[in-house]
Structure formats: C-alpha cells, structure tokens
Amino acid sequence: MEVIIQIALNALVAGSIYALITLGFNLLYSTTRFFDLSYGAIAAVGGYIVYCLYNLLGLNLYAAIVLGILGAGALGFSCEKLIYRQLRARKASSAVLLIASLGVLLVIQSALAILFTSQFHIITRDLSAERVFTIFGGTITEVQAIIFLSAITIMLALGALLKFTRFGKAVQAIADDEEVANVVGINSEKMIGIVYFIGAAIAGAAGIATAFDTGIMPTLGLAILLKGVIAAIVGGIGNVVGGVLGAFVLAAIENTGAWFFSAEWRDVIAFLVLIAFLLLRPRGILPK
Amino acid sequence: MEYLVHTVVLVSIYAVQAMSLNLLIGETGLVSVAQAAFAGIGAYAAVVLMTIMGVNFFVASLIGALAAGTVAFIVGIIFLPLRQVYYILGTVGFNVIAWSVFLNWNEVTKGSLGIAGIPRPVVFGYALSENAAFLVLCLVSVACVYGISALITRSSLGRVLHAIREDEDAVAVFGYATTHYKVFIFVVAAFIAGYAGALFASYLSYISPTNYIVPESIFALSIVILGGLGSAHGAIVAAFLLVVLPEVLRFVGFPSELAGHLRLMSYGLILIFFMLYLPKGLFGKFRI
C-alpha cells in the first residue's frame with residue numbers, strides 16, 4: 001500500500017515537470033505548427049542559469065530563479081526571431097524547420113558542455129534544513145511539493161491568460177488561421193514572438209525544477225523534450241488540457257514500470273507508451 | 001602517412017553512413033535521426049558474434065547489418081505511415097532508446113564500459129591488422145555502396161522514390177503502396193548503416209554506447225545536408241570535409257575535450273546555416 005502511495009507521489013512530481021514542458025510545447029505547436037526539437041535544450045539552459053547564478057556565484061535563490069526563467073524565455077525569443085521566423089518567411093517546409101531546430105539543439109547542448117562540462121550538476125541546497133512531508137506513508141520533500149504547486153500555478157495562470165485576455169484570443173485566432181488573423185489586424189509575427197517567449201520561459205521553469213529535483217546535464221534537454229512531446233501526443237497534440245492529463249498519465253505509467261523493472265528502463269517505457277498510443281489511439285486521450 | 005590512412009578510413013566509413021542516409025533524405029525525402037542507432041545495432045551484433053563466438057568479420061558484419069535491417073523494419077512499419085513530424089520524432093526517440101539499451105543491457109553490451117578487443121577482418125587467413133590493408137576494404141565498401149545507391153536511383157524503384165519525395169499523395173493516387181516503398185528503403189538504409197557500424201567497430205577495436213548517441217545521428221544528417229540532397233558523391237565530399245574539420249580544431253591547439261564539443265557545435269551551425277541560406281547543400285539536386 002505504501003509503495004502505491006509513494007509511486008503516486010513520485011508520479012505527481014515527475015508529471016508536473018512533464019506537464020510544464022507539454023504545456024509550452026503545445027502552446028508553440030498550436031500557434032506555429034512547428035515541432036521545435038530545440039525546446040528541451042532551452043529548458044536545460046533555464047536550469048543551468050540558476051545553477052550558475054545560485055551555486056557558483058552565490059546570488060539570491062529567488063532572483064536566480066526569475067533570471068533563469070527570463071533567460072530561457074529570451075533565448076527562445078531570439079531563436080525564433082533569428083532563425084525560425086526567417087525560415088517561415090521563406091515558406092520553408094516543416095522538415096527544414098525541424099532540421100534547423102536540430103542544429104539549434106546541438107549548438108546549445110555543446111555550448112552548455114563547454115561552459116559547465118558534460119558532468120551531472122544538481123542545484124545544491126541545505127539538505128538538513130529541508131522538510132520532508134509524510135502523506136499516508138509516502139514521503140515528499142519540500143522542494144518536490146513546491147515544484148508541484150508552482151507547476152499547478154503556472155498551468156492555471158497560462159490557462160487564464162489564454163482564455164480571458166485579448167492576447168489569448170489573438171493567439172487562438174493565429175492558431176486557427178494565421179492569414180485571416182492578419183487580415184483582421186492581428187500582428188501575428190509579434191504575437192508569435194510573445195508566444196515563443198512565454199513557451200520558452202515555461203520550459204525554463206521546467207528545467208529549473210528538474211535541476212532541483214534530479215539534477216541536469218547538457219544532454220538532458222533532449223530527454224526532457226521527448227517526455228514532453230510524448231505526453232502531448234498521449235493527451236492529444238495541441239490540446240492544452242489533454243497535454244497536462246497526458247503528462248500525469250505518462251508519469252504514472254513510467255513510475256509504475258520503473259518500480260516493476262528498474263529505473264534505467266524508464267525512457268524505454270515512455271517510448272513504448274508513445275508507440276502504443278501512435279498505433280492504438282494516434283489522436284490521444286482528448287483529441288482536438 | 002599512417003595519419004593520412006587513418007583519416008581516409010574514417011572518411012570512407014562516414015561516407016558509407018552518409019550515402020545510406022542520403023537514400024532516405026535525398027532520394028525519398030525521409031529525414032531520419034536514427035542512423036547512429038542502426039550503426040550501433042549492427043556494431044553490437046557483429047561484435048558479440050566476433051568476440052564471443054569467434055565468427056569471421058564478413059559473416060558477423062552481414063548478420064549485424066541484417067539485425068539493423070530487421071529492427072528498422074519494425075520501426076519503419078510503426079512510424080513511416082505517420083505524418084512526417086511524428087515519423088521524425090519517432091526516429092529521434094528510437095535513437096535515444098537504442099542508446100539506452102546499449103547502456104543498460106549489461107549482459108550483452110557490457111554497459112558504459114564498452115567492449116574492447118574487437119578483431120580485425122581476416123581475408124584468406126591474412127588479418128587486416130595494417131591500417132593500409134583495412135583502408136582497401138573501406139574503399140571497396142564505399143565503391144559498393146556508391147554502386148548500390150546509383151543502381152537504386154536509376155532503377156524504376158528509384159523513380160518511384162523520387163516521386164514519393166515530390167508528392168506522396170499523388171503517387172498513392174496512381175496505385176503505389178507508398179508505405180511499402182518507404183519501409184523498403186528505410187530497411188536498406190539501416191542495413192548499410194549497420195554494416196558501416198560493424199566496420200567502424202572492427203577498425204577501432206573498441207565500442208561503447210557514446211558512439212551511438214543522437215548527436216552522432218545529427219552528424220550523419222549534417223554530412224548529407226552539406227553534401228547536398230540526392231547526391232552520393234556530395235555525401236563523400238562532405239564526409240571528407242566534416243571529418244577533417246575536427247582534426248583542424250585539434251591542430252589549432254584546442255584540448256581534445258573542448259575540440260569534441262566544438263566539433264558537435266560546428267555541425268549544429270552547419271545545419272542552421274544551410275537550412276537558412278543554402279538548403280540545397282553543395283551538390284544538391286533539390287531542396288526539401
């Protein structure tokens with residue numbers, strides 16, 4: 001019984017990180033119809049900014065986190081402006097955009113490896129001061145609880161932003177039909193820039209959460225991205241609520257599987273989930 | 001002289017890999033980010049046969065290539081019918097999983113320790129332990145694969161593949177089962193990549209999972225993009241340029257770890273640059 005509770009708690013924490021990635025990815029994908037493979041690397045950059053500012057330079061933790069999120073957002077925004085927008089302006093095919101995003105992934109990943117080595121880094125905290133909560137026999141650390149609550153807050157905030165503001169309506173219009181949105185006076189390029197900033201900032205938050213929870217290394221970006229995209233496909237690609245649901249479903253299956261077999265096979269299990277969904281229910285749990 | 005031979009051996013092996021990938025991207029328009037995974041399957045299968053059962057290199061590499069082809073068949077029938085972005089994502093995911101299996105299947109692959117003491121090929125009782133002798137085998141391999149790809153390109157099969165590249169729906173309307181053609185060429189490409197992997201393993205006499213990470217697949221992709229889509233000789237020239245480039249970095253005096261990261265970064269930059277300004281590559285016949 002306690003094992004089940006513990007698995008559920010672990011899945012909740014992992015799921016909230018996946019949900020953040022999925023959220024940002026779905027936001028970008030539904031607005032631009034572009035599968036951005038560099039998205040995970042941007043998440044890793046967020047984590048590394050906090051690691052660098054807080055652990056190496058001794059900056060205040062909250063300031064470091066804010067700068068990490070903004071830094072990731074700014075990086076995503078610049079990639080969009082310098083590379084992806086140019087390609088879209090040339091009516092490049094989706095394969096061209098995808099290959100370019102692989103290039104961006106490789107550049108960011110190797111830049112991180114040059115700056116911080118390929119080793120594993122974890123944002124170190126004072127472990128003795130950290131509180132541990134016990135819920136029905138399962139344990140969750142304070143940091144994990146904060147990660148879960150922040151993820152829920154970000155999800156609700158983004159949901160409200162998209163649903164209740166003029167900005168959200170404009171994004172929805174671009175997602176439906178970019179040309180028509182332009183005709184009615186929406187500056188789609190500017191909106192896509194903002195969407196990129198928000199999406200990349202959310203990725204940065206997920207990267208920071210990962211750096212606190214399990215630690216980061218330069219190659220982790222790709223792994224984070226795959227989890228996020230698999231969750232998006234499980235939930236129904238482009239469906240924001242479905243993506244969040246998919247993230248928790250994926251995390252639950254993964255953690256149960258990791259308990260049955262062993263933690264190394266976690267990624268393999270996630271990939272099998274992807275294959276199962278693509279074959280049996282390609283439009284996801286909640287199709288759009 | 002020895003150094004020159006070493007370089008030409010590397011160029012030949014990467015050229016074989018790149019020509020196999022060119023059959024996919026260049027001739028059929030299928031971007032794949034899993035060539036390193038298939039090279040790894042070929043390499044591990046051949047190496048296990050050679051080191052544990054003492055099988056001759058030529059038989060072992062053939063079985064390794066068949067193993068890569070068989071896995072490609074399964075991966076292909078799952079992912080090739082899907083929309084392009086899902087298929088590409090599937091290849092990326094498959095490469096991550098293949099690497100994870102190489103790393104964790106300790107009984108067979110010896111995990112991150114890798115397998116050492118891989119023998120060189122033996123021809124009529126004469127072992128190709130001299131690099132110059134091994135070079136001959138590599139050049140013969142390049143010639144064979146060049147011949148195979150010329151044969152495929154000029155045959156009626158090649159014309160169907162080109163038609164799929166230009167407009168898959170139109171080809172399907174004419175009654176061609178396009179998925180069968182795509183699966184076939186996917187398996188052929190994986191077979192050749194598997195052979196290249198076995199060749200590489202025998203040359204280095206040591207393999208470990210890091211030889212088969214996603215960036216290595218992106219490396220193969222950047223060779224094809226640089227050389228130009230649909231051009232087998234472009235792939236050979238580009239393999240030469242991209243193998244020599246890191247050697248230059250080392251000559252300039254960068255330490256080898258930094259040179260390794262700069263190598264990957266330059267491949268990423270090449271992808272971005274060519275997608276932006278020269279999507280046809282150096283000798284390409286068309287753009288994706």
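**Burial, charge pairs and a cavity**

Mentor: Leu23(A) is buried, having a relative accessible area of 3%. Please bear in mind that this is a predicted model.

Trainee: Where is Leu23(A) found?

Mentor: Leu23(A) belongs to helix H1 of chain A, which covers residues 2-32.

Trainee: And what does Leu23(A) touch, not counting residues up to four places away in sequence?

Mentor: With those residues set aside, Leu23(A) touches Met155(A), Leu158(A), Val240(A) and Val244(A).

Trainee: How many Å separate the C-alpha atoms of Leu23(A) and Ala113(A)?

Mentor: Their C-alpha atoms are separated by 27 Å, and the two residues are 90 residues apart along the chain.

Trainee: Let us turn to Ile154(A). Is Ile154(A) buried or partly exposed?

Mentor: Ile154(A) counts as partly exposed, because its relative accessibility is 26% and buried means under 20%. Its place is in helix H5 of chain A, residues 142-164.

Trainee: Which residues does Ile154(A) touch, not counting those up to four places away in sequence?

Mentor: On that basis, Ile154(A) touches Leu20(A), Ile202(A) and Ala205(A). Ala270(A), by comparison, is 24 Å from Ile154(A), C-alpha to C-alpha, and 116 residues apart from it in sequence.

Trainee: Now the charged side chains. How many salt bridges are there over all chains?

Mentor: The count comes to ten salt bridges over all chains. Side chains of opposite charge can pair when their charged atoms come close.

Trainee: Which residue forms a salt bridge with Glu254(A)?

Mentor: Lys227(A) is the partner of Glu254(A), and the closest N and O atoms are 3.5 Å apart. This pair links distant parts of the chain: Glu254(A) lies in helix H10 (residues 240-260) of chain A and Lys227(A) in helix H9 (residues 220-235) of chain A, 27 residues apart.

Trainee: Is Glu254(A) buried or exposed?

Mentor: Glu254(A) is buried, at a relative accessible area of 1%. Lys227(A) also counts as buried, at 8% relative accessibility.

Trainee: And in chain B, which side chain meets Glu168(B) in a salt bridge?

Mentor: The side chain of Lys182(B) does, at 3.1 Å from N to O. Here too distant parts of the chain are linked, with Glu168(B) in helix H8 (residues 168-173) of chain B and Lys182(B) in helix H9 (residues 178-204) of chain B, 14 residues apart. Glu168(B) is partly exposed at 28% relative accessibility, whereas Lys182(B) is buried at 5%.

Trainee: What about Glu216(B): which residue forms a salt bridge with Glu216(B)?

Mentor: That partner is Arg263(B), and the closest N and O atoms are 2.9 Å apart. Glu216(B) sits in helix H10 (residues 214-227) of chain B and Arg263(B) in helix H12 (residues 256-277) of chain B, so that the pair links parts of the chain 47 residues apart. Both Glu216(B) and Arg263(B) are buried.

Trainee: Which residues are joined into one network by salt bridges that share partners?

Mentor: Glu80(A), Arg85(A), Arg88(A) and Glu189(A) are joined in this way.

Trainee: A change of topic: which residues of the largest nonpolar core touch the most other members?

Mentor: They are Phe25(A), Phe35(A), Phe38(B), Phe79(B), Phe94(B) and Ile207(B), within a core of 202 residues. H9(B) gives the most to this core, with 15 residues.

Trainee: What is Ile207(B) in contact with, leaving aside its neighbours within four places in sequence?

Mentor: The contacts of Ile207(B) include Ala43(B), Tyr44(B), Val47(B), Ile115(B), Ile118(B) and Tyr212(B).

Trainee: Finally, how many cavities of 30 Å³ or more does a search of the whole structure find?

Mentor: The search finds one, and about 70 Å³ of space lies in the largest cavity.

Trainee: Which residues line the largest cavity?

Mentor: Among them are Lys227(A), Asp267(A), Phe271(A), Gly93(B) and Val96(B). The lining divides into seven nonpolar residues, one polar and two charged.

Trainee: And which element gives the most to that lining?

Mentor: H9(A) does, with four residues. Helix H11 (266-280) of chain A and helix H4 (84-104) of chain B are also among the elements that give two or more.

How values were computed. Residues are numbered from 1 along each chain as its sequence is written. Chains are lettered from A and ligands numbered from 1 in the order in which they are written. This is a predicted model: local features need pLDDT of at least 70, side-chain atom pairs count only at pLDDT 80 or more; totals for chains, interfaces and linings use all residues. Side-chain values use heavy atoms; hydrogens and water are left out. A salt bridge is a side-chain nitrogen of Lys or Arg within 4 Å of a carboxyl oxygen of Asp or Glu. Buried means under 20% relative accessible area, exposed over 50%, partly exposed in between (1.4 Å probe, protein chains only). A nonpolar core is a set of buried Ala, Val, Leu, Ile, Met, Phe, Trp, Tyr and Cys residues joined through side-chain atoms within 4.5 Å. Contact means heavy atoms within 4.5 Å. On a 1 Å grid over the protein atoms alone, a cavity is a set of points where a 1.4 Å probe fits but cannot get out, and a pocket is an open set with protein on both sides within 12 Å along at least five of seven lines; lining residues have an atom within 4 Å of a point. Grid points are joined across faces, edges and corners, and a volume is the space filled by probe spheres set on the points. Ala, Val, Leu, Ile, Met, Phe, Trp, Tyr, Cys and Pro count as nonpolar, Asp, Glu, Lys and Arg as charged, and the others, Gly among them, as polar.
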